[in-house]
Amino acid sequence: MSKYFNEKDIEVYRQCFKLYAKEGIVTSAEKLGFVMRSLSFKPTKTELENYFNKYKKEDAQIDFAEFLNILHDHIQIENANDEILNAFKAYDVNKKGYLTTKELKAILTQTGEALSNRDVEMIIQEVNGSSKNDKINYEKLIKVLSTPLSSF
């Protein structure tokens, strides 16, 4: 049935889907979120709305096959966040749970696709708000970086 999951996982997902979507369909982003969270996934409200709009059929419903596609998409996002988190943890050699703004600036402007100093300052502002804190909690940073921008 699915090229992304093994049969054991599919059966777990099916049982959960049937338990919470008794009619065999999901009819709203809210209900989709409830089913996904019951499987320990952590989709945002925006992600749920995007998944629902992308995968709903003409009758505004999502069946189990489409649900598996949604899970596959979401697992890719959650895995990417975990990889980024692990990369920041690797820079945190003293296991403090944070990076200094100086360390973060060095990482983001000198590795990979380097960001501009202005971009890094904007990210730090978003993470710390009006606080002049020199410490950047990398888990909060990941949350900020992975939150989709609102479209307006």
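**Cores and pocket of a predicted model**

Reader: Which helices each supply at least two residues of the lining of the largest pocket?

Author: This is a predicted model, and its largest pocket holds about 440 Å³ of space. Of the 15 lining residues, Lys42, Asn81, Ile142, Lys143 and Ser146 are the closest to the pocket centre. The helices that each give at least two residues to the lining are α4 (64–91) and α7 (138–146).

Reader: How many residues does α4 give to the lining of the largest pocket?

Author: By class, the lining comprises six charged, six polar and three nonpolar residues. The helix that gives the most to this lining is α4, and its contribution is seven residues.

Reader: With which residues is Tyr13 in contact, leaving aside neighbours within four places in sequence?

Author: Tyr13 is among the residues with the most contacts inside the largest nonpolar core. Once neighbours within four places in sequence are left aside, the contacts of Tyr13 are Phe5, Leu39, Phe41, Phe64, Phe67, Leu68, Leu71 and Ile75.

Reader: Is Ile107 buried or exposed?

Author: Ile107 is found in helix α5 (residues 101–110). Beyond its neighbours within four places in sequence, Ile107 is in contact with Phe88, Tyr91 and Leu99. Its relative accessible area is 10%, and the cut-off is under 20%, so Ile107 is classed as buried.

Methods. Residues numbered from 1 in each chain as written. Predicted model: local features only at pLDDT ≥ 70, side-chain atom pairs only at ≥ 80, totals over all residues. Heavy atoms only, no water. Helix = DSSP H or I, 4+ residues; strand = E, 2+ residues; numbered from the N terminus. Buried < 20%, exposed > 50% of the residue type's maximum accessible area, 1.4 Å probe, protein only. Contact = heavy atoms within 4.5 Å. 1 Å grid on protein atoms, 1.4 Å probe; cavity = no way out; pocket = protein on both sides within 12 Å on 5 of 7 lines; lining within 4 Å. Points joined across faces, edges and corners; volume = space filled by probe spheres on them. Nonpolar A, V, L, I, M, F, W, Y, C, P; charged D, E, K, R; others polar. Core = buried A, V, L, I, M, F, W, Y, C linked by side-chain atoms within 4.5 Å.
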